Every structure is written in structure tokens, then in C-alpha cells.
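Here is a short briefing on one protein model. It covers salt bridges, disulfides and a pocket.

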Amino acid sequence: MKKKTLSQALLASVATVALGLSFLPTTSAQAENTKDGSSSDKAAASCYEIKQNNSRSRSGTYWLYTPEMDAPEQFYCDQETNGGGWVLIGRGREGWTEQYAGQGDPQQLATNPDGTDAFSPVQLPSLTIDALLNGQAPSDLSDGVRFRRSTNTEGTKWQELTAQRAQAKNWTWALQATANWENIKFDNPSWTDWNRFYYHSLGRIGTFNTRYNVLRFSTSKDFNWKLGFQFGPRVYGNTSPNSYLWSPNGSYAVPFTQVYLRPKLTQADLNLPSIPDTGAAASEKRELPNSYSSAMKWRTSEATGTGNDSEMNTYVQAITQVGDTVFTGGDFKNVVSARGETVNQPFIAGYNVKTAELVRSFVPKLNGQVKALEALPNGTLAVGGEFTEVNGEKVDGFVILNPVTGKIDRTYDWHIQNRLSSGVTTVKTIQAKNGYLYIGGIFTHVKGSGSSAYAYSRSAARFNLETGAVDWKWRPNFNGTVNGISAADDNSAVYAAGYFSTLGSERTWKLAAIDYVNGTRKQDWNWRLSYTKGSRKNAGFQFDVQDANDSVWAGGAEHLVSQYNKSDLSRRTAAITKSGGDFQDLYKSGNVIYASCHCGDWIYEGAQTHDSPWDESKNIHMQRLVNAFDANTGAVLPEFNPIISGASGYGIWESFVDSTGVLWVGGDINRSAGASGVQQTVGFARYAPRDVTPPATPANLSVTTRNGQDILTWDSKTNGKTTYQILRDDRVIATVGLGVTTYEVEHADNARYFVRSVDAAGNYSASTPVALAGLGNGAVDPEKPEPVDPEKPEPVDPEKPEPVDPEKPEPVDPEKPEPVDPEKPEPVDPVAPVTDKVLINRGERWNVLLDPVWANNSWRDIDTDVTGWYNATAPMGWNSAQLRTELNSNIFKQPTSMYTRKEIQIENPSDYVSLELNMRLDDGAIVYVNGKEVKRYNMPSGYVDALTRATAAPADWAAINNPVIIQIPASDLLEGKNVIAVETHGFTNWWARVSFDLSATLRVG
């Protein structure tokens, strides 16, 4: 398994490491080699581990390290709140981001967690946060995500809020996306709002009232599009630079917020891999583009060549490379340089692959837009589209051009026709593969070289690239447009996507697997549509298809991209965009699939239903028009996360990786985020490949021990242009600065040391072979034990035991027990009378389930396992007065029932007469003690289940002021563990007021 790389995020603190500085607050002395986080070589697995090892540790900056990290790094730990052990992952006021890479300097987050100088947001990269979790899913964190928010402008009062994000396999900052949140707990300061617990929320975390029990990660035009963790409209802020509550319009205040997680990792959880004596392997980062666009050299005009501005007339719709020229085709009027030069070259243009400069010799003249481009094996360029003339000659949407001059190439005599009533001929997709040229689009007949006969081959056809002839054996007959075509590498099939519904006489809905030999349907591709409401002729139309190893990908409506197993065309993975749009292009480069769309906002990984992707997804990522996927597993690759936008929202229609590894994307785009800011990349943008090459390995590592220190030296092989990581035994213990080739650390007997170099891109080399530290602490250590060890034990051992042992026990033992034993028990017994004893107070926490329709009667038994139950504070319920825990916020769709249970311990139950229960009854309830029903109120007789409704609905004020009293005979109680269980039912499922609370007291009379 490839190890994730974090070095680039960690380089900001290299200087601090090299100098041995630490911002750790003063604590008591720790044992030698304890992983207490006090230095990089003593980095702990988590803030939680530090707190567990030293309960007196205070909040501050500590070193942490897990195997998912490349090296130890400093983080801020909150060691006071709710038991401590929290790691800070983000903080700030307005201006948060949803980008995977986070924002700001991680070292600032570690050392400057709060205050007015911390208002500018800093968010750890998602990769770093996942590394802190060491493979644990955020949704599996028992404490969820913790948000600490200021509730006043002075920053003196704070709200504590925790919430669990469901279905989150990895960390994401895409918190604006609609998602399922659970166990949402508001703990408010006085004079702000009620403390509340909410079982579930679907949205941008949760909105439960109009004041402080609101957590909306949101923004709007009124807020200058600056994201923040907003309160409700009745919490007010201002724009003062020192205000902890910010708001340009007064309401919906955005508070200064800290975001924490509490992974409960210890050294035992890390499972550090063993490093062989030959050394550790180099990093293996996946080849992906940078997320910022390359410098714009040329762009298209913002006017189309046809004058049409529809979705089907975007600036760039096709890209390919022939020789050293990358060609872009679409619907543009001209091209414009970064210097402002305008060149009248509509519909198609070429650029040098190395310099990105316009190839001025390539000047074909077309009269319509280009839809498809493909490089042919003979070095020419195939062009398809909606044009009818090229260089003054009549053509029918398909032509072969000389890639240097743009003149028509006559090598192949290929022609297409559309003999349907519309007469419009369009080629929308072209692929050269394994000796054939495939075309798809809108046409009915094709003609090849060496023949004047036209073959009927509706919407798809292929030509033999050696002879130029039409393949008369392979003539599919689709009843609609083919938008995309992809022949399998192994010639097992040809795949097509489009608007069609039949292939020949067989039903073939929008996707087709075509027999490679005869062009008929090979397999029934009975795929599931993401959107099935209504009846539409083109429901689920597909724009593109892509062969990929043992699978095939398809993209289109509604907002769906899917991966299918070739063997049976069953769906392997899928993803849905929200609130984005349909996928329009698929392109495979290596083992990466680039999927482009007219989609902004978010992609729900693992989802396949348009209307509710949040119920199926395993991750949610921010995305802007193009996404990268693993071609084999189907996983989203969120490290590629560019920011691109367009004028009309039509998105990207083509992607292509050139011979230098640069990704080109084209469509309705006019801006992109570059390394130095926003660029006017109209029509197309380029993304250079990120650096994934490891640097050279250091040499000649040696270790000497002197005065209790292990001193490491090595030779650089990178001319001092890299930093270095020091590994001891099986973990990284330090990083030293650029060009530094020595390091000292406290001696450890038989320690195994390695060193590797790390470049500015975060790639690390293979390490040196092992260098061993010996025994002992150097020259000073062997002198001290010689005189000390033999002298002190000799006189002490024989003298002290002789006189002491026989003398002290003789007089002491017989004297003390005689007067003491008979006296103490006599007065104690009568002063301990049995009195009433409170076992449960009002407002305690109970285990609770909502509408547990699956539960059998064992839920109330004494030994029932409560794993998976929620734990909430009473009074609990929904839509009722004076609740501590609000279990539901939708008054129109409420639960029918809640099941609650609590264990209590009773000693000597026979000393008491009864157990008295004082219960808030609202609406109906059945009470059980140790599995036995003891009382039933406002419930029908006989069998009830979780969906049975109460027979009456007392007012909530009556339930509060007139609790019911239940007396349980002491004979029904057990020695030790007892269980009180209550099922509370509502009178209706909408606008009901339902609540529960209970106290329990043992009575002696």
C-alpha cells in the first residue's frame, strides 16, 4: 500500500525542528523515551495519548506522529475541555474554505490558536487530518467533530458543540454540502440558549432555532461570499476587526470558531512497519496535475464563431495532439494572447506543446464549430463537427487535415451523409484504436477509400486505417445520436454512449456494449438511472464512455458518473454531483479517469441516486467542473482540486493529457485559480503535472556516541537543496533544514538510524542503509558505575537486618490490637441507620433509541447490550417545553416512540420497602423494571410496538407539574444491577409534544 505524503505541509516548521525549539507548555518531568509530545523524537500518537500518560498536561503545542505522516509535526492540543485530548484542525472567523488542501500556515494553527490575531482562518490540509486519524474514518470518531464558537463580541463566552458526520470515510472541509449529521449537542453559556441534543440533522450541519442552536457553514452575497460557521438570524454581529461576532448586515453573526477532533490513538494503535537494514523505500506519489493552472499564454475569444451561445456551442469541445502541436476545437471567434494580440483563427487552433505558443502556420478555415479531434497514426489530424466547408471546399462535418498547414489531407477518401429528413450531418466523437478509426454522431451512411458505395451505418461506423475502407461487417444501427465511443484495448468490445434507445432491433438504453466483430449488441447493459421521476424520452442520456482496464466508465444525466464491470456490466462504483450537473467528458490517462461536467459545488462519492445522494455517499468533496478518479477502484482523488469557473455554467466538455504530462481542459470556462492568483483562461486551461520524483538518497551515514548523545553525520547528494528526515528504529524522529548534514539526539542503546532527503514538493528519497548506535553513553559513562556499585551494598546489607527484624515486631504486635479491636465496632453500628436513598436524579443521562421498529422485547431486559444506542440527557423528547435534549426538529415528521433504559446498582434491597419512580408522562408510557412491566399510562392494552400511538395527549405543562408516582415493591428488586426501562409514545406524528424524565428513590417506609 502506498504511503501518503505530507512533507510539503510540514516544511513550514523545518526551521523550528532544526533548532530544537518547542512551544510545549511547562509540565512535570516525564520518564525517558516517553512519547509525551515534548520533542519530535518523543512525538505522541495523539493529544489523547499525551493526556492519558500525564493527567496534568496543559493545553499547548505538542509533537504528534502516526505512520500515515511522513514526519512528526507540531499541533495544538486542548487538554482541559471535557477530559482533554483534542487536536485543533482549524480556526478563524470569516473566510473559511472547502478546498481539500485547506488554507494558511499550519504552524500558525499550532502556536496561535485564538485571539483577534487568529481571525484569519487556518485549516489543516485534509491529507494531514486523515493522517492524524491514522486510517480511522471521521464518522467513527465517538466524540464527533467539536466546534467551539464565541457567543459574544468580546470573546468571553463560548458555546461548545459536538456533532458526528455520518458516512465520512475521509476528512473533508466540504461542510456546506447537504449531509447527514447525528448526535448534535449544543452546550451553551448562560443567558444565550437552552442546551439541546438533536438526534439527527440533514443539511449544512444544523438549524434548530433562530438563535444560538444553529450551525450553518454558509455564505451569501451579503457576506461577500465569505464562508463561516453562522448562528441564526437573531444573533447579531458587526464588522469591527476586533469583534468575535462578524456580520456585514448585522444578523446571522459569524463567530470566531475553533474546530477540533479527538482521535484516541496510542502507540499500541500505530503498528509501525519494520524498516529492513537495507533502508526504507522512497515515496510513491500518484501522478496527478497540480491544482493551480499554468500561466495563460493564449485563450479563446469570449464570443463564439457561430454567434450562438447555447450549451452545445461552448468555446472548446475537443483537444488532441499531433507531433509537437496540441489542437483545440470548438466554437470561438478568434484567439487572444496574454499580451492582448488577437488572431483571427476561429473554431480550431494549434499550440506548441512545450511553449504553449500559437502555431501560426496552422490556418484552416472552417465555417462551423468543431466537436471532435483525433490524431491518426500517419501523422494527420481527424476533425469532426457541424461545419460544411473547410478552406472553401464542401464537406459534411468530417475532414482530415495536415497538422502543420491546416490544408485538407487526401490520404483517405472518407465521406459521411445523413439521409434523414433533417439532413444535418455531425461527427461528435472520433477514436483511433487498434487499426481502426471509429466515428459517432448524427449520420446514416459512410463511404471509404477505394469505393464509391455508401454503407448504411447509422450513428456509428469504423474505417480500416491501413486500407481506408469502411468495415462493412461492423455497421451498428442506432436510432439516436452517439455522443461518445470507446473501443476496448483488448478488442473485446466497443462501447458507445448517447441519446439512442435501440441498437438494431434490441433495446439499448443510452449505453451500448457492441460486438467487436459484427457491430451488434454484445451484452444487455441494463443500468440503473439516477433519476426516474416523470416520463422523458431522453431520461438518463449519456454523453461519454471510456474503456478502463477491466471496467468501463460512463457519464451523463442525471449528474451521474459510473464504473461498470466488463464481465457482466454490473455497476462497480458511482458518484453524483450536487448542486451541479451532468458529466460530459471522460478521459483516461494512466490509471486516472478525468471526468468533466457542468457541475459546481460537491461530488457525492459512492452515491447513485440524484434526489438523495447524501444517504448513499461515503465521502463528499468540493469540486469545480473536473474530477479525478482512480481508474481501477473508482475512488475520487481529491488531491486534484482545481478552481475553474465559466460565464454560462455549461462546464467542461473535453480533457486531454499531452506528451509532457500537462492536462488540458476546455469548455465554457473563463477563469481559473493559478499559482499567482485568478487567470482569465477563456476556453481552455492547462495544468502541469505535479512533481512526484524522489530526490537522491544521502550517503555514508555514521553514528558516534559522546557524552550521552548519538551524533549522526551523512553526505548530501542533492547539493544542499533538500531537507533531511532522521529515522530511528521504525519511525521518523526529526527533520533538519536545507543543507544540514548532522544531527544529535539523546543516546539509545542499539538504536537503528536511517536518513532520507525530502524535496520542496514533499517527495522523499529511499533512506540510507542502517547505522547502529552501540551500548553505553560514550566516554563519560563507564567511569561512574565502577566505584559506586561495589561499595554501598557491602556495609548496609548485613548490619541492618540483624538488629531491626527481631526487635520491632515483638513489642508492637501484641499491644496495639488488644485495646483497638473491641472498642471501634461497638459505637459504629448503631449510627448507620438505613434511610431513603436517591438512585436517579432528574436530568440524568439515559440510553435512548427512536422508533426502534426492529427491536424485540429483549430491549428492556436486564442484560441487554446497549451498543449502538444513543446517550442523551433528560428531559428529552421533541417539541415540548423545558427539554435538555431535543431528539427531533421536524414538527411535520416526528418519531412515534422513544425507548429509554438505565442501569442502577442496589445494595441490600431487603432493607427497603419500595422503589419510588417519579416520572414526567408526556404523552403515553409503559414502565418496566428488570424486564417486567410495572405500569402503563395512556397506552392501549395488549400488544404494542414502536409505532403504536398513545391514547391521550396531556399538555406539556401538565406533564411537568403533575408527574406520575410509581411504587415498586422491594421484592421485585435484585441485589446489584437493576434496569429501569421506559417506552414513551406520542399521540401523533406531527406537531406532537413528547417528553420523558424520571427520578428513582429507595424508600424505607
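**Salt bridges, disulfides and a pocket**

Arg-286 has a relative accessibility of 27%, so this residue counts as partly exposed. Its salt-bridge partner is Asp-630. The model is a predicted one. Across the whole structure, a search finds 30 salt bridges. The disulfide count comes to two.

**Salt bridge Asp-630 to Arg-286**

- The closest N and O atoms of Asp-630 and Arg-286 are 2.5 Å apart.
- This pair links distant parts of the chain, 344 residues apart.
- Asp-630 sits in strand S46 (residues 626–630). Arg-286 sits in the loop between helix H6 (267–270) and strand S15 (298–300).
- Asp-630 has a relative accessible area of 9%, under the 20% cut-off, and is therefore buried.

**Salt bridge Lys-932 to Asp-972**

- The side chains of Lys-932 and Asp-972 meet in a salt bridge at 3.7 Å, N to O.
- The two residues are 40 residues apart and link distant parts of the chain.
- Lys-932 belongs to strand S68 (residues 932–937). Asp-972 belongs to the loop between strand S69 (964–969) and strand S70 (976–985).
- Lys-932 is partly exposed, with a relative accessible area of 46%. Asp-972 is also partly exposed, at 27% relative accessibility.

**Salt bridge Asp-396 to Lys-394**

- Asp-396 forms a salt bridge with Lys-394. Their closest N and O atoms are 3.4 Å apart.
- Lys-394 counts as exposed, because its relative accessibility of 68% is over 50%.
- Asp-396 is partly exposed, with a relative accessible area of 27%.
- Side chains of opposite charge can pair when their charged atoms come close.

**Disulfide Cys-47 to Cys-77**

- Cys-47 and Cys-77 form a disulfide, with sulfur atoms 2.0 Å apart.
- Cys-47 lies in helix H3 (residues 47–53) and Cys-77 in strand S2 (residues 73–78), so the bond ties together parts that are 30 residues apart in sequence.
- The torsion about the S-S bond of Cys-47 and Cys-77 is about -70°, so this disulfide is left-handed.
- Cys-47 is buried at 2% relative accessibility. Cys-77 is buried too, with a relative accessible area of 0%.

**Disulfide Cys-597 to Cys-599**

- Cys-597 and Cys-599 form a disulfide, and their sulfur atoms are 1.5 Å apart.
- Both Cys-597 and Cys-599 are buried.
- Counting bonded cysteines along the chain, the disulfides follow the pattern 1-2, 3-4.

**Second largest pocket**

- The second largest pocket holds about 800 Å³ of space.
- Its lining consists of 38 residues. Thr-429, Ile-430, Asp-544, Leu-586 and Glu-654 lie nearest the centre.
- By class, the lining has 18 nonpolar, 10 polar and 10 charged residues.
- Which strand gives the most to this lining? Strand S27 does, with six residues.
- Strands that each supply at least two residues of the lining include S16 (316–322), S21 (370–375), S27 (426–433) and S32 (482–487).
- Also among them are S38 (542–548), S42 (583–589) and S48 (651–657).

Note on methods:
Residues are numbered from 1 along each chain as its sequence is written. This is a predicted model: local features need pLDDT of at least 70, side-chain atom pairs count only at pLDDT 80 or more; totals for chains, interfaces and linings use all residues. Side-chain values use heavy atoms; hydrogens and water are left out. A disulfide is a pair of cysteine sulfur atoms within 2.5 Å. Helices (H or I, at least four residues) and strands (E, at least two) are DSSP runs, numbered from the N terminus. Buried means under 20% relative accessible area, exposed over 50%, partly exposed in between (1.4 Å probe, protein chains only). On a 1 Å grid over the protein atoms alone, a cavity is a set of points where a 1.4 Å probe fits but cannot get out, and a pocket is an open set with protein on both sides within 12 Å along at least five of seven lines; lining residues have an atom within 4 Å of a point. Grid points are joined across faces, edges and corners, and a volume is the space filled by probe spheres set on the points. Ala, Val, Leu, Ile, Met, Phe, Trp, Tyr, Cys and Pro count as nonpolar, Asp, Glu, Lys and Arg as charged, and the others, Gly among them, as polar. A salt bridge is a side-chain nitrogen of Lys or Arg within 4 Å of a carboxyl oxygen of Asp or Glu.
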